[in-house]
Amino acid sequence: MKKAEDCNTVDEVYACLKELEEDPNRLVRNAYELLDFYHAVEHLGTVAGLKKTWSSKERKRWVSKQRGFLLKGKSADVVQAVQMLCRGRNSKAIKTERDYFVRNESRLDFSTVKALNLPIGSGAIESSIRRVVNLRLKGPCTFWYRENAEKMIMLRSYYKAGRWNCLKQMANTHNPVPAA
């Protein structure tokens, strides 16, 4: 395998990355799987909306309190609060929302991700898709083979993020996380 400093073209970097296919986990050892914070808050709003006996002010207060718990990393408290509401006429609908939070509890660690200065919403991802994919791969009279499009997306992602040298380092070393 070539050294990182010897790879200067897309083809050379891609050839090195092909060797990583044997151990794809090298690239994602320190990844965080996270739900979109704002979608999680939407689910809280759905729960509050199902409580017909609450006033609008009570619903907003409850959602705000649970939102604060999510930001502080207290997802178990949120699950418990939703569980406590699973009574009465709308309990089946509330259970569906409760199951959403139970199923995704490990993906609600917003405090850790926020402490690392990483985004907790999907806006950055959606913007990236526009910048990385749509502006390069979608155009009049532009056609791609799936395999080539996937290669281009990965390479363009690193380029647009200003991490081309990091990509070269990962392609040529056993250390998947480059020094910051």
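The structure is a predicted model, in which local features need pLDDT of at least 70 and side-chain atom pairs count only at pLDDT 80 or more, while totals for chains, interfaces and linings use all residues. Residues are numbered from 1 along each chain as its sequence is written, and side-chain values use heavy atoms, with hydrogens and water left out.

The protein chain holds nine helices and zero strands, where helices (H or I, at least four residues) and strands (E, at least two) are DSSP runs numbered from the N terminus. The order of elements from the N terminus is accordingly α-α-α-α-α-α-α-α-α. Of the 180 residues of the chain, 33% count as buried; buried means under 20% relative accessible area, exposed over 50%, and partly exposed in between, with a 1.4 Å probe and protein chains only. Contact is defined as heavy atoms within 4.5 Å. Among contacts between residues at least 6 apart in sequence, 59% join residues at least 24 apart.

Helix H2 has 14 residues and reaches 20 Å from its first C-alpha to its last, close to the 20 Å expected at 1.5 Å a residue. The expected span is 1.5 Å times one less than the number of residues in the helix. Phe37, Ala40, Val41, Leu44, Val47, Ala48 and Leu50 of H2 are buried. The cover over these buried residues includes H3, H4, H5 and H6.

H2 and H3 pack with their axes 9 Å apart, at an angle of about 145°. Axes are lines fitted to C-alpha atoms, for helices over the stretch in contact, and angles run from 0 to 180 degrees between N-to-C directions. The crossing of H2 past H3 is right-handed. On the H2 side, the contact is made by Phe37, Tyr38, Ala40, Val41, Leu44, Gly45, Val47, Ala48 and Gly49, and on the H3 side by Arg59, Trp62, Val63, Gln66, Arg67, Leu70 and Leu71. A crossing is called right-handed if the near helix is turned clockwise from the far one by less than a right angle, and left-handed if anticlockwise. Arg61 also lies in H3 (residues 56-71), and Arg61 counts as exposed because its relative accessibility is 51%.

Helix H5 (residues 91-103) has 13 residues and spans 18 Å from first C-alpha to last, close to the 18 Å expected. Ser91, Ile94, Glu97, Arg98, Tyr100 and Phe101 of H5 are buried. These residues are on the same side of H5 because they cover an arc of only 165° around the axis, the arc being that of the directions from the helix axis to the C-beta atoms. In general, an α-helix has 3.6 residues a turn, so residues three or four places apart point the same way. Lys92 and Arg103, on the other side of H5, are exposed. The buried residues of H5 pack against H2 (37-50) and H4 (75-84).

The axes of H2 and H5 come within 9 Å and cross at roughly 155°, which makes H2 roughly antiparallel to H5. Angles under 35 degrees count as roughly parallel, over 145 as roughly antiparallel, 65 to 115 as roughly perpendicular and the rest as oblique. The crossing of H2 and H5 is left-handed. His39, Ala40, His43, Leu44, Thr46, Val47 and Leu50 of H2 meet Ala93, Ile94, Glu97, Tyr100 and Phe101 of H5. His43, located in H2, is partly exposed at 23% relative accessibility. Leaving aside neighbours within four places in sequence, His43 is in contact with Glu97, Tyr100 and Phe101. His43 and Tyr100 are 57 residues apart in sequence and 8.4 Å apart in space, C-alpha to C-alpha.

The axes of H4 and H5 also come within 9 Å, crossing at roughly 165°, and the two helices are therefore roughly antiparallel to each other. The contact is made by Val78, Val79, Val82 and Gln83 of H4 and by Ile94, Glu97, Arg98, Phe101 and Val102 of H5. This crossing of H4 and H5 is left-handed.

Helix H9 (residues 164-172) is mostly covered, with seven of its nine residues buried.
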